[in-house]
Amino acid sequence: MSAVKGRFAARTVKVKAPGKVNVSLNVGPLRTDGYHSVASVYLAVSLYEEVSATSRPGGDITVSISPDSTLDLDGVDIPLDSSNLAYRAAAIMADVSEHSTGVHLEITKRVPVAGGMGGGSADAAATLLACDALWNSGLSREELAHLAAELGADVPFSLLGGAAVGLGVGDQLSPALAKAQMDWVLVCADYGLSTPEVFKTLDRLRDAEGLDVPEPIEVDPKILQALRGGDSEGLSRLLVNDLQRASIDLAPQLKDTIGLGEAAGALAGIVSGSGPTVALLARDGDAAEVLADKLRHQGHQALAVHGPVPGARIISDTLL
Ligand code: ATP
């Protein structure tokens, strides 16, 4: 970290970064390194985390959660220490930045915590971009993506946004064309599922079946075609998530939520990533609003969103 000479001029950079749904998620067998290869189509949706990074003298990194967060965070476990993904992102940026300072990160949480939508990953992506600007690091998008991959498999996608195919552990991304907007309703749960636990459960279920699972090497091209053409009906027949059975094994009520959504007018429903958020595909924006309303009347926490949306971007940069 560099010493800051003279009067310290504090600056705040605010960045927003989207959560994601996996339109498709194929998962390979457990690898010897403890990871799973995946082939996934990611879609960034209009539910955003916000990180406000304020420079401070010294070298400390501190984290707080904004009271503007729209989530009910009572009883939700979000670490504020060095295990917070945003903290880790700032620490990585400080390591590579010549002019780093201390920084306070205030996170506005909107993406369900441990919900399978990559909320923590969005915080990390937003923090990378905010600290890059704050410290004039001048890293390219590629360099930032490289740091993002060190923080977690879903972090590079939140940086990139849009729609993308993810291979490897989900970090090898190729942008996919998706011109038309797809409309979804997210049904959020009042509990979380641990991603490692869901993967372990999938391994256990597969072991019990004794079937050989192939390494996923590509996504179904029909999914990309449906996305490209904005064909929500076609896409609804192609949604796939290998983790869904494991999430349902851990939280059987998820099956009812999907059934309920489909009965209420969704084209199709799927568990998002490792869950427990359920993503319901709607015919269009109006249908999504009607569906979300119906589900809210039934006591569910339902939000109409759309995607693709852009990845992490700066929304303000203020000298204090
Ligand atoms: P993914 O789909 O990428 O696996 P997720 O959306 O299911 O992630 P997150 O909300 O990212 O899950 O958080 C998972 C866990 O990580 C939380 O239970 C929490 O303990 C920890 N965590 C670390 N940093 C954060 C953060 N910035 N926001 C939320 N949780 C965080």
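**Close-up views of a predicted model**

**View 1. One aromatic pair, Tyr42 with Phe157.** By the ring rule used here, the count comes to 1 aromatic pair. That rule pairs rings of Phe, Tyr and Trp (its six-membered ring) if their centres lie within 6.5 Å, and it calls planes under 30 degrees apart stacked, over 60 edge-to-face and the rest tilted. The rings of Tyr42 and Phe157 have centres 4.8 Å apart and planes at 20 degrees, so this pair is stacked. Tyr42 belongs to strand β2 (residues 36–56) and Phe157 to helix α4 (residues 155–160), so the pair ties together parts that are 115 residues apart in sequence. Helices (H or I, at least four residues) and strands (E, at least two) are DSSP runs, numbered from the N terminus. Tyr42 and Phe157 are both buried; in these legends buried means under 20% relative accessible area, exposed over 50%, and partly exposed in between (1.4 Å probe, protein chains only).

A word on the source: this is a predicted model, in which local features need pLDDT of at least 70 and side-chain atom pairs count only at pLDDT 80 or more, while totals for chains, interfaces and linings use all residues. Residues are numbered from 1 along each chain as its sequence is written, and side-chain values use heavy atoms, with hydrogens and water left out.

**View 2. A lysine over a tyrosine ring.** Here Lys16 lies over the face of Tyr48, at 4.0 Å from the ring centre. A charge sits over a ring if NZ of Lys or CZ of Arg is within 6 Å of the ring centre and within 35 degrees of the ring normal.

View 3. The ligand is surrounded by 21 residues, and the closest are Lys109, Ala114, Gly120, Asp154 and Thr195; a residue is near a molecule or strand if one of its heavy atoms lies within 4 Å of it. A polar backbone atom of Ala114 is 2.8 Å from a ligand oxygen, a polar backbone atom of Asp77 is 3.2 Å from a ligand oxygen, and a backbone N or O atom of Gly115 lies 3.3 Å from a ligand oxygen. On its own the ligand has 620 Å² of accessible area, and the protein covers 82% of this. Such areas come from the Shrake-Rupley method with a 1.4 Å probe; for residues, only the protein chains shown count as cover.

**View 4. Thr277 in the loop between β9 and β10.** Thr277 sits in the loop between β9 and β10 and is buried, with a relative accessible area of 1%. Its side chain reaches the backbone oxygen of Gly115 at 2.8 Å. This is a polar contact, a pair of N or O atoms within 3.5 Å; within protein, one must be able to donate a hydrogen and the other to accept it, and residues adjacent in sequence count only if both atoms are side-chain atoms. Not counting residues up to four places away in sequence, Thr277 touches a set of residues including Pro112, Met117, Leu186 and Ile270, where contact means heavy atoms within 4.5 Å.

**View 5. Arg11 in strand β1.** Arg11 is part of strand β1 (residues 11–30), and at 18% relative accessibility Arg11 counts as buried. The side chains of Arg11 and Asp317 are joined by a polar contact of 2.8 Å. Leaving aside neighbours within four places in sequence, Arg11 is in contact with residues among them Thr54, Leu134, Asn136 and Leu319.

**View 6. Backbone features to look for.** Most residues other than glycine have a negative phi, and most peptide bonds are trans. Ala114, although not a glycine, has a positive phi of about 50 degrees; Ala114 is in the loop between β4 (102–108) and α2 (119–134) and, at 42% relative accessibility, counts as partly exposed. Asn136, also not a glycine, has a positive phi of about 45 degrees; Asn136 is in the loop between α2 and α3 (141–151) and counts as exposed at 60% relative accessibility. The peptide bond from Gly275 to Pro276 is cis, with omega near 10 degrees, and Pro276 is in the loop between β9 (268–271) and β10 (278–282). The peptide bond from Gly307 to Pro308 is cis, with omega near 10 degrees, and Pro308 is in the loop between β11 (301–307) and β12 (313–319).
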